[in-house]
Amino acid sequence: MKFDRDIAVSQEAPTAGAGEADDEKTREAAAPAIVANASTHSQAPAAIAPRQQSGIKRERLPDRRGGYTQKGRVSGHKVYLRTGEYPDGRLGEIFIDMHKEGAAFRSLMNNFAIAVSLGLQYGVPLEEYVDAFTFTRFEPAGLVRGNDRIKNATSILDYIFRDLAVSYLGRDDLAHVPRAPDAADVSGHQDLSADAAVSAKPMTLASPGSAEAKDHPSHEATTSSSVTPDVAAKASVALTSAGEKAHRREHARLQGYTGDSCPECGNFTLARNRTCLKCTTCGATTGCS
């Protein structure tokens, strides 16, 4: 029996030794992977570059600020535009609110206004926004009511940035109604008054007579007295006609038209139709179909 136990012990010994050898080989094979993994984790924080801080800082507006509120209707949709200004008069923020619109659309316009305001406070020029968003086309679009300078818009954004450009950049080319005439402005009314002043001067017309007759005082007085009333009457008629046309043109622009007369019917009801003009009275166009 003792002999059998010695044989069993002798058989178990090599088996245990083989198992320990296998475990040792496994640990040796796994050691490089563990070391490599640990080195990777230790180098990971060093591989991430620190965040670069830009030199542009946000210029916040004062708690109490100036600005204006503009109410308008674009194709029947109410739009409220509110601006906030820096003490020097520069535009610093805008607020856009649309009355009786869906919650999603109103939220989108409010967040768009916040994005534009942040850009303005970080130094983005207003001209960039004006060039980017004017003449964009989507509904609602059409006639604008409630604004003194803008009478037509191709979208809500087109209306908003037209108003901002006219108010803060002096972009009269984006307005449909010119500024009120002043001393520095050369308007049609001033041109008419200047023409009237020139036309009202007495005119002496040359006669087919001799030079001696034209130089004679009696001939000069007779010619002046006979010509001046006719010239004054013609000038008065021309002034009345030109003044009436100027008034009709101004009234048409206030209604959203271009202010040009229709070549077919003569009415001042030409409206922009894509790349040309179309008369809303007779339907005639200036070249497009």
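Predicted model: local features only at pLDDT ≥ 70, side-chain atom pairs only at ≥ 80, totals over all residues.
1. Start with the strands. There are 5 of them, and they form an open sheet in the order E3-E2-E1-E4-E5. The pairing is antiparallel. Strand E3 (91-98) and strand E5 (152-153) are the edge strands, and each pairs on one side only.

2. **E1 and E2.** Strand E1 covers residues 69-74 and strand E2 covers 77-85. They run antiparallel and are joined by 6 bridges. Thr 69 has Arg 82 in E2 as its bridge partner. The two strands form a hairpin with 2 residues between them. In that turn, Ser 75 has a positive phi of about 55°.

3. **The faces of E1.** Which residues of E1 lie on its covered face, and which on its uncovered one? Gln 70, Gly 72 and Val 74 make up the covered face. Thr 69, Lys 71 and Arg 73 make up the uncovered face.

4. **E2 and E3.** This antiparallel pair has 7 bridges. Gly 84 stands opposite Glu 93 in E3. The hairpin of E2 and E3 has 5 residues between the strands. Here Gly 89 takes a positive phi near 95°.

5. **The edge strand E3.** E3 pairs on one side only. Even so, 6 of its 8 residues are buried, so E3 is largely enclosed by the rest of the structure. Buried here means under 20% relative accessible area.

6. **E4 and its partners.** Strand E4 spans residues 142-145. E4 pairs with E1 in the antiparallel sense over 2 bridges. In that pairing, Arg 73 stands opposite Arg 145 in E4. E4 also pairs with E5, again antiparallel and over 2 bridges. There, Gly 142 stands opposite Ala 153 in E5.

7. **H4 on the sheet.** Helix H4 (residues 156-169) lies across E1, E2, E3, E4 and E5. H4 runs at about 40° to E2.

8. **H3 against H4.** H3 packs on H4 too. The angle is about 145°, and the axes are 9 Å apart. The crossing is left-handed. From H3 come Leu 126, Glu 127, Tyr 129, Val 130 and Phe 133. From H4 come Leu 157, Asp 158, Phe 161, Leu 164, Ala 165, Tyr 168 and Leu 169. By class, the contact has 10 nonpolar, no polar and 2 charged residues.

9. **H2 against H3.** Helix H2 (residues 103-121) packs on helix H3 (residues 126-133) at an angle of about 140°. Their axes are 10 Å apart. Phe 112, Ala 115, Val 116, Gly 119 and Leu 120 of H2 meet Leu 126, Tyr 129 and Phe 133 of H3. These residues divide into 7 nonpolar, 1 polar and no charged.

10. **Arg 162.** This residue sits in helix H4. Is Arg 162 buried or exposed? Its relative accessibility is 7%. The cut-off for buried is under 20%, so Arg 162 counts as buried. What lies around Arg 162, leaving aside its neighbours within four places in sequence? Its contacts are Thr 134, Phe 135, Ile 150, Asn 152, Leu 174 and His 176. A polar atom of the Arg 162 side chain lies 2.7 Å from the backbone oxygen of Leu 174.

Note on methods. Residues numbered from 1 in each chain as written. Heavy atoms only, no water. Pairing = 2+ DSSP bridges. Helix = DSSP H or I, 4+ residues; strand = E, 2+ residues; numbered from the N terminus. Contact = heavy atoms within 4.5 Å. Axes fitted to C-alpha atoms, helices over the stretch in contact; angles between N-to-C directions. Nonpolar A, V, L, I, M, F, W, Y, C, P; charged D, E, K, R; others polar. Buried < 20%, exposed > 50% of the residue type's maximum accessible area, 1.4 Å probe, protein only. Polar contact = N/O pair within 3.5 Å; in protein donor to acceptor, adjacent residues only side chain to side chain. Left-handed = near helix turned anticlockwise from the far one by under 90°.
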